Amino acid sequence: MTLLRSWNMHQSLLNAFYSLQQCLRCLRKSLSVFLREPVMVDVAGKNHTVDKVQQQFWVVKGVEKDEAMSRLLETEETDASIVFVRTRQDTERLADWLSARGLKAAALHGDIPQSLRERTVDHIK
């Protein structure tokens with residue numbers, strides 16, 4: 001393995017891994033060159049994704065986000081999806097936009113009464 005000397009090269013190498021396990025093996029090997037008796041600390045604990053849950057991350061330009069979200073939800077076969085947005089206003093706007101296009105959508109944020117939030121979550125389950 002080649003020793004990496006620049007952040008950009010290091011970042012590119014990490015992005016090329018196929019699995020988290022491959023990444024961790026490489027990191028351990030690299031760190032052993034620089035550290036004496038390194039210790040790995042797992043901060044995630046038991047908060048791991050259930051095998052049935054698939055997580056995806058997409059980067060989309062701001063003006064194209066609504067349309068991209070609509071296309072993804074229409075083409076991906078899922079039982080349910082949770083979409084995170086930055087603000088409460090964006091949550092309401094996106095839920096309304098998706099509903100207007102025939103998708104079943106509901107906003108969920110802190111300004112919604114607890115009873116309605118619980119009902120919304122129950123519908124997702």
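1. Let's start with the second largest pocket: by class, its lining has 15 nonpolar, five polar and three charged residues. Here Ala, Val, Leu, Ile, Met, Phe, Trp, Tyr, Cys and Pro count as nonpolar, Asp, Glu, Lys and Arg as charged, and the others, Gly among them, as polar. The lining comes to 23 residues, and those nearest the pocket's centre are Ser81, Lys104, Ala105, Ala106 and Ile124. Its volume is about 820 Å³.

2. A word on how to read all this. The model is predicted, so to speak: local features need pLDDT of at least 70 and side-chain atom pairs count only at pLDDT 80 or more, while totals for chains, interfaces and linings use all residues. Residues are numbered from 1 along each chain as its sequence is written, and side-chain values use heavy atoms, with hydrogens and water left out.

3. The protein chain has five helices and zero strands; helices (H or I, at least four residues) and strands (E, at least two) are DSSP runs, numbered from the N terminus. Of the 125 residues, 13% are buried, where buried means under 20% relative accessible area, exposed over 50%, and partly exposed in between (1.4 Å probe, protein chains only). Among contacts (heavy atoms within 4.5 Å) between residues at least 6 apart in sequence, 31% join residues at least 24 apart.

4. Now the largest pocket, with a volume of about 1400 Å³. Of its 32 lining residues, Gln56, Met69, Ile82, Val83 and Phe84 are the closest to the centre. The lining has 16 nonpolar, six polar and ten charged residues. For the method: on a 1 Å grid over the protein atoms alone, a pocket is an open set of points where a 1.4 Å probe fits, with protein on both sides within 12 Å along at least five of seven lines, and lining residues have an atom within 4 Å of a point. Volume is the space filled by probe spheres set on the points, which are joined across faces, edges and corners.

5. Which helix gives the most to the lining of the largest pocket? That is α3, with six residues; α3 (65-75) and α4 (88-100) each supply at least two. In the second largest pocket, α4 gives the most, with four residues, and α4 and α5 (114-124) each supply at least two.

6. Helix α3 has Asp66, Ala68 and Ser70 as its buried residues, and what covers them includes α4. Arg93 is in α4 and Asp66 in α3, 27 residues apart, so to say distant parts of the chain. Asp66 is buried at 19% relative accessibility, whereas Arg93 is partly exposed at 39%.

7. There are three salt bridges in the count, by the rule of a side-chain nitrogen of Lys or Arg within 4 Å of a carboxyl oxygen of Asp or Glu. Asp90 and Arg93 meet in another (3.8 Å, N to O); both lie in α4, three residues apart, about one turn of the helix.

8. Finally, Asp111 forms a salt bridge with Arg88, with 3.0 Å between the closest N and O atoms. Asp111 lies in the loop between α4 and α5 and Arg88 in α4, so the pair ties together parts 23 residues apart in sequence. Asp111 is exposed at 53% relative accessible area, while Arg88 is partly exposed at 42%.
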